[in-house]
Amino acid sequence: MNADIKRWAVGSPIQAPLDSLLELIRAHRIRPGRSSDSSWRVAHAGGEHHGQPRHADICMQHLCAVMLADGSVSFRSSHDAKRMREPKILELRG
């Protein structure tokens, strides 16, 4: 009974932010360059995974930027370390 269903192939604390961002993208057609600056807050529990991790699949800012750029997050995109240095992704993270 103490199980989670993970929709995304990412760290558990990042599931809810990605679900929420996908809903915003769908409901409001948010796209890079078409939205204003925003900031998001998550519960303290799990917040240690949102900073500057070396692994793409546990970095909340990186994965939200990937979702904004791609419209979704796949297993491949969530584990692609090279994208952590991609200029477009870095710009969205900023």
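**View 1. Leu90 and the residues it touches.** Leaving aside residues up to four places away in sequence, Leu90 touches Met84 and Arg85, where touching, or contact, means heavy atoms within 4.5 Å. Leu90 sits in helix α4 (residues 87-93). Is Leu90 buried, partly exposed or exposed? Leu90 counts as partly exposed because its relative accessibility is 43%; buried means under 20% relative accessible area, exposed means over 50%, and partly exposed lies in between (1.4 Å probe, protein chains only). His62 is 28 residues away from Leu90 along the chain, yet their C-alpha atoms are separated by 7.9 Å.

A word on what you are looking at: this is a predicted model, in which local features need pLDDT of at least 70, side-chain atom pairs count only at pLDDT 80 or more, and totals for chains, interfaces and linings use all residues. Residues are numbered from 1 along each chain as its sequence is written, and side-chain values use heavy atoms, with hydrogens and water left out.

**View 2. The whole chain.** Here you can find four helices and zero strands, following the pattern α-α-α-α along the sequence. Helices (H or I, at least four residues) and strands (E, at least two) are DSSP runs, numbered from the N terminus. Of the 94 residues, 33% count as buried. Take the contacts between residues at least 6 apart in sequence: 52% of them join residues at least 24 apart.

**View 3. Helix α1 beside helix α2.** Two packed helices are described by the angle between their axes and the distance between the axes. The axes of α1 (residues 15-28) and α2 (residues 60-70) come within 10 Å and cross at roughly 25°. Axes are lines fitted to C-alpha atoms, for helices over the stretch in contact, and angles run from 0 to 180 degrees between N-to-C directions. The two helices are therefore roughly parallel to each other; angles under 35 degrees count as roughly parallel, over 145 as roughly antiparallel, 65 to 115 as roughly perpendicular and the rest as oblique. Which residues make the contact? From α1 come Pro17, Leu18, Leu21, Leu22 and Ile25, and from α2 come Met60, Leu63, Cys64, Met67 and Leu68. These residues divide into ten nonpolar, no polar and no charged (Ala, Val, Leu, Ile, Met, Phe, Trp, Tyr, Cys and Pro count as nonpolar, Asp, Glu, Lys and Arg as charged, and the others, Gly among them, as polar).

**View 4. The largest nonpolar core.** This core has 17 residues, and Trp8, Leu18, Met67 and Val73 have the most contacts inside it. A nonpolar core is a set of buried Ala, Val, Leu, Ile, Met, Phe, Trp, Tyr and Cys residues joined through side-chain atoms within 4.5 Å. The largest share, eight residues, comes from α2. Look for Met67: not counting residues up to four places away in sequence, Met67 touches Trp8, Leu18, Leu21, Leu22, Ile25, Ser72 and Val73.

**View 5. Helix α2 under its cover.** Nine of the eleven residues of α2 are buried, including His62, Ala65 and Val66. What covers these buried residues includes α1, α3 (75-78) and α4.

**View 6. Ser74 in its loop.** Ser74 lies in the loop between α2 and α3. Ser74 counts as partly exposed because its relative accessibility is 36%. Ala9 is 65 residues from Ser74 in sequence, but 7.3 Å from Ser74 in space, C-alpha to C-alpha.
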